[in-house]
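Here are my notes on this one, in the order I'd go through them with the model open.

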Amino acid sequence: MTKTNITLALLFTLLTFIDVSTSSSVVFNVVSFGAKPDGVTDSTAAFLKAWQAACVSAYSATVMVPTGTFLVKGITFTGPCKSKLKFQVAGTVVAPADYWAFGNSGYWILFNRVSKMSLVGGTFDARASGFWACRKSGQNCPPGVRSITFNGAKDVVISGVKSMNSQMSHMTLKGCTNVAVRNIKLVAPGNSPNTDGFGVQSSTGITLTGSTIQTGDDCVSIGPGSRNFLISKLNCGPGHGVSIGSLAKTLNEDGVENVTVSNSVFTGTTNGVRIKSWARASTGFVNKVFFQNLIMKNVQNPIIIDQNYCPTHQGCPTEHSGVKISQVTYRNIQGTSATQQAMNLACSKTNPCTGITLQDIKLTYNKGTPATSYCFNAVGTSLGVIQPTSCLNR
C-alpha cells in the first residue's frame with residue numbers, strides 16, 4: 001500500500017468515530033467508540049476513548065452521550081485538553097448496582113485538571129440504595145464514592161445536569177477556579193446517609209444558581225479554602241441546609257471568605273444557613289459572609305452558628321474552637337421554624353464571633369408559640385425588625 005493510500009485509510013478510520021459538525025468543531029459520539037445504550041453493557045472503555053480522542057482535537061470538540069442508558073464504572077477524564085471541550089449528555093449514565101465495584105477509589109466520575117470545558121445535560125444515577133442499606137446496617141462496607149468530582153478544574157461550566165442516588169456527595173469541586181454551575185438537580189432520599197449535594201473546598205470564583213437539591217445531608221457544603229462563592233436561587237430540602245464547615249478538623253486549615261447565599265428557599269431542612277466548627281485549635285477563619293433574601297419553610301434551625309460541632313456526641317473535643325468568625329450578615333430572612341429556638345449563635349469560648357449583623361429577620365415558630373433566640377459570645381448589630389428578639393452583644 002502506498003503512503004497516500006495509508007493516509008487515506010487512517011483518515012477514513014478516524015471519520016467512522018467522529019461526526020464533523022462544522023468546519024471548526026467535531027463531535028465524538030460514545031456509541032461510535034463501542035458504548036451500548038442498553039444499561040447493561042460496560043461502556044467505560046468507550047467513554048474514555050471518546051474523551052481521549054476529543055481531548056487531542058485541534059478544534060473545539062464535543063463528547064456526545066446520546067439518548068439511552070449507559071453503564072459506566074469508575075472513570076477519570078484527564079485534562080487539560082488541546083481545545084475547548086463540551087461533554088454533552090442526552091441520555092442516562094448509571095453506575096454498577098454492585099457497590100463493591102468501586103473499591104476504595106472514592107470516585108465514580110472524576111474530571112481531573114480540565115479547563116475550558118462544559119458538562120451539559122443528562123442524568124447520572126449512582127443507584128446507591130444497596131450501599132445506603134449496608135451503611136445503615138453497620139456491616140462491613142466500602143468507603144463509598146462521590147458521583148461527579150472536579151479536581152483542579154479551571155474555567156468550567158456545568159449546566160442542566162441531574163444527579164440521582166449518590167453513594168456520598170453528588171457533586172464536588174476541589175482546588176477549582178472559575179466554575180459556573182446552573183440549573184442542576186441533585187436528588188436522593190432525605191434519609192440517605194452522608195449524601196451531600198454540592199460540595200466546595202479549596203476553590204475560588206464559584207457560582208451555583210437556579211438549582212434544586214433534595215438529599216440526606218448538606219444541600220451545599222462549603223469547606224476550608226473556599227473563597228468568592230455565590231449561591232442564588234437555590235431550592236433546598238430535604239437536607240441539612242447550606243453549611244460552612246465543618247471547620248477545625250485539623251490545626252492548619254485555610255479559611256472561608258466572601259460567601260453569599262441569596263434569594264433561596266429552604267423547605268423542611270434540619271438547618272437553614274449554618275456555620276459549624278469543632279471545638280479544637282485551628283488557624284481557620286470565616287469572614288465576609290452574606291445570607292440574604294431567604295425563605296425558611298418549617299426549618300429546624302433556620303439560623304445557626306455551632307462552634308461546638310460534634311454530630312455523634314461521643315469523644316467530642318473539649319478545647320475551644322480556634323476558628324475566628326467575623327463579618328457575617330443575616331438580612332431579610334423570613335419564614336417558619338420547626339423548633340422554638342429559631343436563631344442559635346453559639347460561638348467559641350475564646351474567640352467571639354464579631355461583626356455579626358442581623359437585619360429584617362422574621363422567623364415564627366410554627367406551633368403558635370413565639371420563637372426564641374440564643375447567643376453565646378456573639379457580638380454585633382441589629383437593624384430593623386428582628387423576630388425573634390436579637391440576643392447579640394453590642
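1. **Disulfide count.** Searching the whole structure turns up six disulfides. Keep in mind that this is a predicted model. Counting the bonded cysteines along the chain, the pattern reads 1-2, 3-4, 5-6, 7-8, 9-10, 11-12.

2. **Cys55 and Cys81.** These two are joined by a disulfide with an S to S distance of 2.1 Å. The link is left-handed, with -100° about the S-S bond. Cys55 sits in helix H2 (residues 44-55), while Cys81 is in the loop between strand E6 (75-78) and strand E7 (85-89), so the bond ties together parts that are 26 residues apart in sequence. Cys55 and Cys81 are both buried.

3. **Cys219 and Cys236.** Here too there is a disulfide, with the sulfur atoms 2.1 Å apart. This one is right-handed, at 85° about the S-S bond. Cys219 belongs to the loop between strand E19 (204-214) and strand E20 (220-222), and Cys236 to strand E21, so the pair ties together parts 17 residues apart in sequence. As for burial, Cys219 has a relative accessible area of 0% and is buried. Cys236 is buried as well, with a relative accessible area of 2%.

4. **Cys375 and Cys391.** The S to S distance in this disulfide is 2.0 Å. Its torsion about the S-S bond is about 70°, so the link is right-handed. The pair connects distant parts of the chain, 16 residues apart: Cys375 is in strand E30 (residues 372-376), and Cys391 is in the segment after strand E31 (378-387).

5. **Cys176.** Why is the sulfur of Cys176 too far for a bond? The closest cysteine sulfur, in Cys81, is 15 Å away, and a disulfide needs the two sulfur atoms within 2.5 Å. Cys176 also counts as buried, at 1% relative accessibility.

6. **The open sheet.** If you want to trace this one, the strand order is E6-E9-E12-E15-E18-E20-E22-E24-E26-E28-E30: 11 strands in an open sheet, with parallel pairing. E6 and E30 are the edge strands, each pairing on one side only. From one strand to the next, the twist averages 15°. H2 packs on this sheet and touches E6 and strand E9 (107-112), with its direction making about 5° with that of E6.

7. **E20 and E22.** For a look at one pairing inside that sheet, take E20 and strand E22 (residues 242-247), which pair in the parallel sense over three bridges. Ile222 stands opposite Ile244 in E22.

8. **E23 and its partners.** How many of the 12 residues of strand E23 are buried? Nine are, so this strand (residues 256-267) is largely enclosed by the rest of the structure. Strand E21 (residues 227-236) pairs with E23 in the parallel sense over seven bridges. Within that pairing, Asn235 has Val265 in E23 as its bridge partner. E23 also runs parallel to strand E25 (residues 285-299), and 10 bridges join them. Phe266 stands opposite Met296 in E25. Note that E21 is also the strand that carries Cys236.

9. **Thr354.** Is Thr354 buried or partly exposed? With a relative accessible area of 36%, Thr354 is partly exposed. The residue is found in strand E29 (residues 353-365). Leaving aside residues up to four places away in sequence, Thr354 touches Ile325, Ser326, Gln327 and Val379. Ala188, by contrast, is 37 Å from Thr354, C-alpha to C-alpha, and 166 residues apart in sequence.

10. **Confidence.** The average pLDDT for the protein is 93, and 94% of the residues score at least 70. What happens to pLDDT over residues 1-23? There pLDDT stays under 50, and the model has 18 contacts beyond four places in sequence for that stretch.

Methods. Residues are numbered from 1 along each chain as its sequence is written. This is a predicted model: local features need pLDDT of at least 70, side-chain atom pairs count only at pLDDT 80 or more; totals for chains, interfaces and linings use all residues. Side-chain values use heavy atoms; hydrogens and water are left out. Buried means under 20% relative accessible area, exposed over 50%, partly exposed in between (1.4 Å probe, protein chains only). Helices (H or I, at least four residues) and strands (E, at least two) are DSSP runs, numbered from the N terminus. Two strands pair if DSSP finds at least two bridges between them. Contact means heavy atoms within 4.5 Å. pLDDT is the predictor's confidence in each residue, from 0 to 100. Axes are lines fitted to C-alpha atoms, for helices over the stretch in contact, and angles run from 0 to 180 degrees between N-to-C directions.
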